[in-house]
Amino acid sequence: MSRMCEGRVVVVTGAGRGLGRAHALAFAAEGAKVVVNDLGVGLDGRPGPDGPSLHVVEEIRAAGGEAIAHGGDVATSAGAASLVAAALDTYGRLDTLVNNAGFLRDRMLVNLDEDDWDAVVRVHLKGHFLPLKHAAAHWRAEVKAGRTPAARIVNTSSGAGLLGSVGQSNYSAAKAGIVGLTLVAAAELARYGVQVNAIAPAARTRMTERTFADTMTAPDSGFDAMAPENVSPLVVWLGAEQSAGVTGRVFETEGGRITVMEGWRPGPTADKEARWTPEEAGETALKLLGEAEPPGAVYGA
């Protein structure tokens with residue numbers, strides 16, 4: 001029986017630990033050749049003591065799969081370009097890009113330094129944009145050469161990006177930006193045979209096991225709902241040809257649950273067909289709010 005990703009070449013960023021590692025192993029188990037990217041930094045994005053991508057490659061190879069390590073910084077154009085080049089030079093093709101790299105520098109808004117804002121937005125949002133751009137340029141060239149790919153991009157947002165999260169304004173803003181990037185990329189790249197979707201996962205990783213320690217603790221027995229491996233099956237399917245026709249979507253996933261997120265859509269509306277006075281605008285806004293669904297809960301509120 002053929003495995004779902006047999007013969008496909010998959011790039012996973014931030015794949016040295018946590019969700020990225022789980023994704024890389026799951027793709028390899030389904031027959032993909034995997035480029036395992038990880039810069040090897042600590043939880044706050046500063047250089048760590050070793051290169052975890054090499055360990056993941058060893059795991060994949062020990063299980064009979066094919067993989068190579070890439071240690072470049074995907075939030076730089078050179079690093080993102082070399083990531084795509086690594087797939088093409090080694091395996092001759094690129095089929096799927098999973099953008100997953102990131103780290104945290106949590107502070108309440110009034111205590112958040114500009115450098116910590118820039119660093120988190122850089123790795124999450126720019127670190128999605130640049131690999132996506134370089135991969136898309138390759139796939140566009142393929143189409144121009146008469147070869148339309150069945151290409152897939154899976155981006156990583158977060159519940160923090162969908163609902164907000166107290167103490168994580170930099171992270172929440174970046175993750176919300178990833179949703180916007182996903183929607184635009186899905187629309188722009190469809191003509192090149194590229195599908196672009198996003199997940200908003202909840203799982204136990206270095207980033208979440210401290211921030212949400214009470215809910216992320218592994219149980220002594222039974223189903224471990226917060227294991228990162230629970231998220232990977234959906235990512236593998238989104239990265240496979242079997243997901244044909246699915247693009248521009250955001251999925252929330254944790255444990256055994258998958259939810260299609262429906263995003264912003266028009267709610268109660270009033271139209272005066274003329275300019276409002278401030279008093280009228282306020283009275284109307286309050287009336288409409290009374291008819292609207294309440295907003296989603298903010299994480300940590």
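## Cores and helix packing in a predicted model

The largest nonpolar core has 27 residues, and Phe 27, Val 34, Val 36 and Ile 60 have the most contacts inside it. A nonpolar core here is a set of buried Ala, Val, Leu, Ile, Met, Phe, Trp, Tyr and Cys residues joined through side-chain atoms within 4.5 Å. Buried means under 20% relative accessible area, exposed means over 50%, and partly exposed lies in between (1.4 Å probe, protein chains only). Strand 1 (9-12), helix 1 (18-29), strand 2 (33-37), helix 2 (52-62) and helix 9 (232-238) each give two or more residues to this core. Helices (H or I, at least four residues) and strands (E, at least two) are DSSP runs, numbered from the N terminus.

This is a predicted model: local features need pLDDT of at least 70, side-chain atom pairs count only at pLDDT 80 or more, and totals for chains, interfaces and linings use all residues. Residues are numbered from 1 along each chain as its sequence is written, and side-chain values use heavy atoms, with hydrogens and water left out.

Which residues does Phe 27 touch, not counting residues up to four places away in sequence? They are Cys 5, Val 10, Val 12, Ala 32, Val 34, Thr 96, Val 98, Val 235, Val 236 and Gly 239. Contact means heavy atoms within 4.5 Å. A second, separate core of 26 residues includes Val 74, Leu 94, Leu 132 and Val 196.

### The whole protein

The protein has ten helices and eight strands. Of its 301 residues, 46% are buried. Among contacts with a separation of 6 or more, 71% join residues 24 or more positions apart.

Two packed helices are described by the angle between their axes and the distance between the axes. Axes are lines fitted to C-alpha atoms, for helices over the stretch in contact, and angles run from 0 to 180 degrees between N-to-C directions.

| Helix pair | Angle | Axis distance |
|---|---|---|
| Helix 3 (77-91) and helix 4 (114-144) | roughly 45° | within 8 Å |
| Helix 4 and helix 6 (169-189) | about 15° | 8 Å |

Helix 3 is therefore oblique to helix 4. Helix 4 and helix 6 are roughly parallel to each other. Angles under 35 degrees count as roughly parallel, over 145 as roughly antiparallel, 65 to 115 as roughly perpendicular and the rest as oblique.

Helix 3 meets helix 4 through residues including Ala 80, Val 84 and Leu 88. Helix 4 answers with residues including Leu 130, Pro 131 and His 134. By class, this contact has seven nonpolar, three polar and no charged residues. Ala, Val, Leu, Ile, Met, Phe, Trp, Tyr, Cys and Pro count as nonpolar, Asp, Glu, Lys and Arg as charged, and the others, Gly among them, as polar.

Toward helix 6, helix 4 uses residues including Trp 117, Val 121 and Phe 129. Among their partners in helix 6 are Tyr 171, Ile 178 and Leu 181. This contact has 14 nonpolar, five polar and two charged residues.

### Single residues

Arg 140 also lies in helix 4. Arg 140 is partly exposed, at 37% relative accessible area. Its C-alpha is 9.1 Å from that of Val 194, 54 residues apart in sequence.

Val 298 is found in the segment after helix 10. Val 298 is partly exposed, at 37% relative accessibility. Val 298 touches Leu 163, Gly 164, Ser 165 and Val 166, not counting residues up to four places away in sequence.

Glu 273 lies in the loop between strand 8 (257-261) and helix 10 (278-291). Glu 273 has a positive phi of about 60°, although it is not a glycine. Glu 273 is exposed, at 72% relative accessible area.
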